[in-house]
Amino acid sequence: MVDLSRRTLLQTAAVGALAGAMPAQAAEADGVTIGWPSDVTSWDPNQRFTPDAQAIFKMVFDQPLDQDPKLKLVANLVSKWEMAADARSLKLEFRDDVLFHNGDRMTSADFRWTFFERIKAGHKVDIAQSFRKVTDIETPTPTTAIMRFDSPAPTVPVWLAFLGSFMVPKAYMEKVGVEGFSAKPVGTGPYKLAEYQLNARIVLERNDAYWGPKPKLRRVTIEIIKDPSARVAAVQSGQVDITVGVPVREVARLKAMPNLAAELNPITRVILLQVRNDEGFADQNIRLAAHHAIDKKALSQAFYAGAAVPLSVPATPGSPGYLDDYSFAYDPELAKQLLAKSGFGPDKPAKIRMASTNGQFPSDYDMARAIVQMWKKVGIEATLEVIEYAKYFELNRGNKLPEATLYSFDNATGDPEIYTGYLLNPKLPFSPWKDMGLGQKVIDQFNVADETARIAGWRALNREAAEMGATLPLLQSVQTLVRKKSLNYTPYGNGWLLGQTMSWS
């Protein structure tokens, strides 16, 4: 906190000096400063990274496909795509006017390198489960590629617009190596990386040779400010022009300020409890009691001003896997009955461990403490510990999370496979749930080619998972955003904050 405060003071002083050197309006018109809660883990955009990095990467790199603000899949580097009826091949047509930042022309060879050759070469890349089905990528012309799969892969188009699916240049990466690329990344995006200070600052400069619409702002500066209170101070003082992840209690106060706009925007992230199927949660009665004991409406009202929609399944309203006709009841008396069947109650509590981040998403730790108190009333005693966001991934991949972990699961696409399929697939490192009873059904669902049957299958699995306590969905996540009123931006249903959509009034 001392280092962060010192940096904040230095940056504020720098902003003041700059303001004395040029009119404020001119400085604003030329660029924007964003207060962001976390750094990228690597400048190789195909490597494993946190979901928050996707918005940063989308300013420097492009994905084959994209999503519009309503999350509809749209063309991008790929101008046309066609999935075979059996979902075992996907034909892609690429634009012929795309240049990498170093001047190299993008071709289908770069696509084959990114999504096939890098994997075969043993590069440590974080790819979708669907991409593991790729047997080959044919490149009959510089603007055509055909992906071949060993089994149905219906969600590959969705994945081509999600997380680490960014195009990287084959020739340049082979020349400089992965480390050289990470030190000096080259993409095709609307901005180029101009400056990088680890865990402190990212400076992007406009790519004037960009193939698409040119950004209106020449420069985007991203200040990495991990502490939410410090982000509040930064936007209130004018050190940053826009920020996210501020405490909900601050939204109303900041909204009342004449020069600021503050928003609560529901997004496609799901706040849930990731649960194990062993240790203190091996007993289904205890898992279900834990779920029935949580008053989700009260959590939404207390921590999100009622804006966060209570969830019964791991999917957000409007997404294909959401169930409008199903509700998992808040029923503390039923929770007590379930615990009693297993010999537990307020006088003899079932004991579990629980983990939560503190400040990674709005009100996370406060919500975790409230859940602990709700559990205590029915007969569950939870020992709460705080973990860093990066530690969550380490523990989950090592199967070392506690029985329950409060987490905000990102799914920028809204597709049910990327909710339930990744949360409950025991073979993937994203799920603490390792029971193969439900797990095999989840794995099998990845291979359903027919779209109607695929969605129906995920909806049925969502209900089954809730009714056996394999997942404890809580709320639709809400993005808290504060900006200067004169700054315009395009809101996305998944919470992306993109500099290329910004301008000043």
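# Close-up views of salt bridges and a strand contact

Both Arg483 and Glu263 are buried. The views below come from a predicted model.

**View 1. Arg483 and Glu263 form a salt bridge.** The closest N and O atoms of Arg483 and Glu263 are 2.9 Å apart. Arg483 belongs to strand β16 (residues 472–484) and Glu263 to strand β12 (residues 260–275), so the pair ties together parts that are 220 residues apart in sequence. Are the two partners buried or exposed? Both Arg483 and Glu263 are buried.

**View 2. Asp136 pairs with Arg112 in a salt bridge.** Here the closest N and O atoms are 2.7 Å apart. Which elements does the pair connect? Asp136 sits in strand β6 (residues 134–141) and Arg112 in helix α4 (residues 108–120), so this bridge ties together parts that are 24 residues apart in sequence. Asp136 is partly exposed, at a relative accessible area of 27%. Arg112 is partly exposed too, at 21%. The cut-off explains the label for Arg112: buried means under 20% relative accessible area, so a value of 21% counts as partly exposed.

**View 3. Five residues are linked in a network of salt bridges.** The members are Arg112, Glu117, Asp136, Lys170 and Glu174. Side chains of opposite charge can pair when their charged atoms come close. How many salt bridges does the structure hold? The count is 29.

**View 4. Asp278 and Arg276 meet through their side chains.** Their salt bridge spans 2.7 Å, N to O. How accessible is each partner? Asp278 is partly exposed, with a relative accessible area of 28%. Arg276, in contrast, is buried, with a relative accessible area of 4%.

**View 5. Ala262 is a buried residue of strand β12.** The relative accessibility of Ala262 is 7%. Buried means under 20%, so Ala262 falls in that class. What does Ala262 touch, leaving aside its neighbours within four places in sequence? Its contacts are Val251, Leu254, Lys255, Leu481 and Val482. For one of these, Val251, the C-alpha atom is separated from that of Ala262 by 5.6 Å. Ala262 and Val251 are 11 residues apart along the chain.

How values were computed. Residues numbered from 1 in each chain as written. Predicted model: local features only at pLDDT ≥ 70, side-chain atom pairs only at ≥ 80, totals over all residues. Heavy atoms only, no water. Salt bridge = Lys/Arg side-chain N within 4 Å of Asp/Glu carboxyl O. Helix = DSSP H or I, 4+ residues; strand = E, 2+ residues; numbered from the N terminus. Buried < 20%, exposed > 50% of the residue type's maximum accessible area, 1.4 Å probe, protein only. Contact = heavy atoms within 4.5 Å.
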